[in-house]
Amino acid sequence: MDESIEVKNVSKKFHTKNGDVQALSDINLTVHDKEFVSIIGRSGCGKSTLLRIIGGLETASNGEVKCHSHEIDGPGSDRGMVFQHYSLFPWMTVKRNVEFGLKQKGTNKKTRSEIAEKYIDLVGLKEFENLYPKNLSGGMQQRVALARGLANDPEVLLLDEPFGALDMQTREDMQDLLLDIWQKSPKTIVMVTHDVEEAILLANRVVIMSSHPGKIKKILKIELGEQRRFETRLTSEFLKYKGIASKLIRSK
Ligand SMILES: Nc1ncnc2c1ncn2[C@@H]1O[C@H](COP(=O)(O)OP(=O)(O)OP(=O)(O)O)[C@@H](O)[C@H]1O
């Protein structure tokens, strides 16, 4: 399998007026092409910092980070990010928001309209494509953000707590949707989450981090097959993984 993301000996220190914060220490992680990796750990363990370094929004203090063998030195269209707080453009309709990245890439009007409509339909917002973000609920805005991330078709999709602000039911619907999309057309995804079940249900591997400084404690391979659904959570294998991961997160 080809390597998509390579993180080698990465450390990150933030300098603040109250002193230095060692957010990450000696992180080594390889994400393969079309692999789904989730990152989980206690608050402050450096999950978002690691994802932001991969996204090129933050630079590592030490070590190297590569995407398809190219050193990452800033954001790039090969890596798309979806955040918890949607970051939609309030002055653009749903459709324009989804089309935005395609327009930046120079995709012609007809093609970007077709692609945007496909993903808007996929996330169940067909009737809302001409509305503005302020007229949508949080869950709907999150679906727009996901549609935009997918429409850009980056080689790597980086998701930072993408469903964190949603109620449980909407969150589960979104997880099902993401599973469905990933099973139909796999792509490399790295997702940060606080939710152990979400991490296990969606991923091929779960990276469990420890805090202060943020380190990788364990990488858990999840062998639940490709055809996962909401009901997979009820299986004994799933509960076994949940038990192992929960214990690792709590352990010192
Ligand atoms: N820009 C920054 N300046 C200073 N310190 C920072 C900055 N960003 C993050 N940190 C610190 O780095 C550490 C890791 O933060 P990070 O946001 O990556 O953790 P996290 O695991 O994503 O947390 P959470 O689960 O609460 O979102 C924390 O101690 C945080 O205070």
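Start by colouring the two domains: domain 1 covers 1–78 + 156–163 + 175–252, and domain 2 covers 82–153. These bounds come from an automatic or database domain assignment. Residue numbers run from 1 along each chain as its sequence is written. The model is predicted, so local features need pLDDT of at least 70 and side-chain atom pairs count only at pLDDT 80 or more, while totals for chains, interfaces and linings use all residues.

Next, look at where the domains meet. Their centres, taken over C-alpha atoms, are 25 Å apart. Here 9 residues of domain 1 are in contact with 11 residues of domain 2 (contact means that C-beta atoms, placed from the backbone, lie within 7 Å).

Select β7 (156–160) and α5 (168–184): each gives at least two residues to the side of domain 1 that touches domain 2. Helices (H or I, at least four residues) and strands (E, at least two) are DSSP runs, numbered from the N terminus. β7 supplies the largest share of that side, 3 residues.

Now show the open sheet of 6 strands, in the order β6-β7-β8-β3-β9-β10, with mixed pairing. Two strands pair if DSSP finds at least two bridges between them. At the edges you will find β6 (79–82) and β10 (215–221), each pairing on one side only.

Zoom in on β3 (residues 36–41) and β9 (residues 205–210), which pair in the parallel sense over 5 bridges.

Finish with helix α7 (residues 236–250), which lies across β3, β9 and β10 and runs at about 175° to β10. For such angles, axes are lines fitted to C-alpha atoms, for helices over the stretch in contact, and values run from 0 to 180 degrees between N-to-C directions.

Methods: Two residues are in contact if their C-beta atoms, placed from the backbone, lie within 7 Å.
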